[in-house]
Amino acid sequence: MAPEKETVLSSSVAAKINQLNVSLGSSFDKDKLLLKFSCEEPIARNNMVQAELAGALESHEGKVKMQGLKQASSIEVALAASEVARLRAQLALSAVQIKNCEVKSPWRGRVSKVFVSNHMSVAAGEPLLELVKDGRLKIRLNVPSKKINSLQVGDLFNVTIDETGKRYRARIVAINSRIDSVSQTIEIEGRMIEDYPGLLAGMSGTAMLADLNAE
């Protein structure tokens, strides 16, 4: 069985972790703060750019007034405006860098792998956490291709899970468009009709589709 969604979150910055809020198996809600990097440098840079922008705005305003008095050229005004635009772009960039210092969950789910630890320094692009989404699990199975005409999307079937020994109901949600010519089977994807407690991604079992038993 597989989760509806899974992902590996990677670092978008090179920084030191100063807050790790989850561990292996932890559950979380959507937009939960999972991990936070040390952000002193980008915050200081942001403050510096804000101060420079304030000065550039005053300079541009002064040049505009001087131009009205024939004491500043249009080139001087344009250069002052260009400096304001440059600093605003730099401010926007530093705001993104500060935002990247926090790693939040994309949806409700659980942590399936932790690649880092608190106070650890990581490089940009380094994997941090592997997440799986909560919800109805998906099932992938292969059935004999000769049975393809008796199956269709929407059909219900039973699944007995090895790890729990219990039987559950699922529904066919997709049928592959290609038959495996070697094994003469076709892959089918199903989804549990409910979010059954106790089921985890990676469990296996046997599916019963009408008179067909397929592993």
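**Close-up views of a predicted model**

Nine salt bridges are present in the structure, which is a predicted model.

**View 1. A salt bridge joins K133 and E4.** The side chains of K133 and E4 meet with an N to O distance of 3.9 Å. This pair links distant parts of the chain: K133 belongs to strand β8 (residues 127-133), while E4 sits in the segment before β1, 129 residues apart. K133 is partly exposed, its relative accessible area being 22%. E4 is also partly exposed, at 32%.

**View 2. K63 and E76 form a salt bridge between two helices.** The closest N and O atoms of K63 and E76 are 3.7 Å apart. Because K63 lies in helix α1 (residues 40-68) and E76 in helix α2 (residues 74-99), the pair ties together parts that are 13 residues apart in sequence. K63 has a relative accessible area of 23% and is partly exposed. For E76, which is partly exposed too, the value is 33%.

**View 3. R140 and E189 form a salt bridge between two strands.** The N to O distance between the side chains of R140 and E189 is 3.8 Å. R140 is in strand β9 (residues 138-144) and E189 is in strand β12 (residues 185-192), so the pair connects parts that are 49 residues apart in sequence. R140 is partly exposed, with 48% relative accessible area.

**View 4. Strand β10 pairs with β11 and with β13.** Strand β10 (residues 156-161) runs antiparallel to strand β11 (residues 167-180), and five bridges join the two. In this pairing F157 stands opposite A170 of β11. The hairpin of β10 and β11 has five residues between the strands, and G165 takes a positive phi near 75° there. Strand β13 (residues 205-209) is also antiparallel to β10, to which four bridges join it. Here V159 faces A207, the residue opposite in β13.

**View 5. S11 is a buried loop residue.** S11 is placed in the loop between β1 (6-10) and β2 (15-20). Its relative accessibility is 4%, so S11 counts as buried. A polar atom of the S11 side chain lies 2.4 Å from the backbone oxygen of V13. Apart from neighbours within four places in sequence, S11 is in contact with F37, V122, A123, A124, G125, E126 and L128.

Methods
Residues are numbered from 1 along each chain as its sequence is written. This is a predicted model: local features need pLDDT of at least 70, side-chain atom pairs count only at pLDDT 80 or more; totals for chains, interfaces and linings use all residues. Side-chain values use heavy atoms; hydrogens and water are left out. Two strands pair if DSSP finds at least two bridges between them. Buried means under 20% relative accessible area, exposed over 50%, partly exposed in between (1.4 Å probe, protein chains only). A polar contact is a pair of N or O atoms within 3.5 Å; within protein, one must be able to donate a hydrogen and the other to accept it, and residues adjacent in sequence count only if both atoms are side-chain atoms. Contact means heavy atoms within 4.5 Å. A salt bridge is a side-chain nitrogen of Lys or Arg within 4 Å of a carboxyl oxygen of Asp or Glu.
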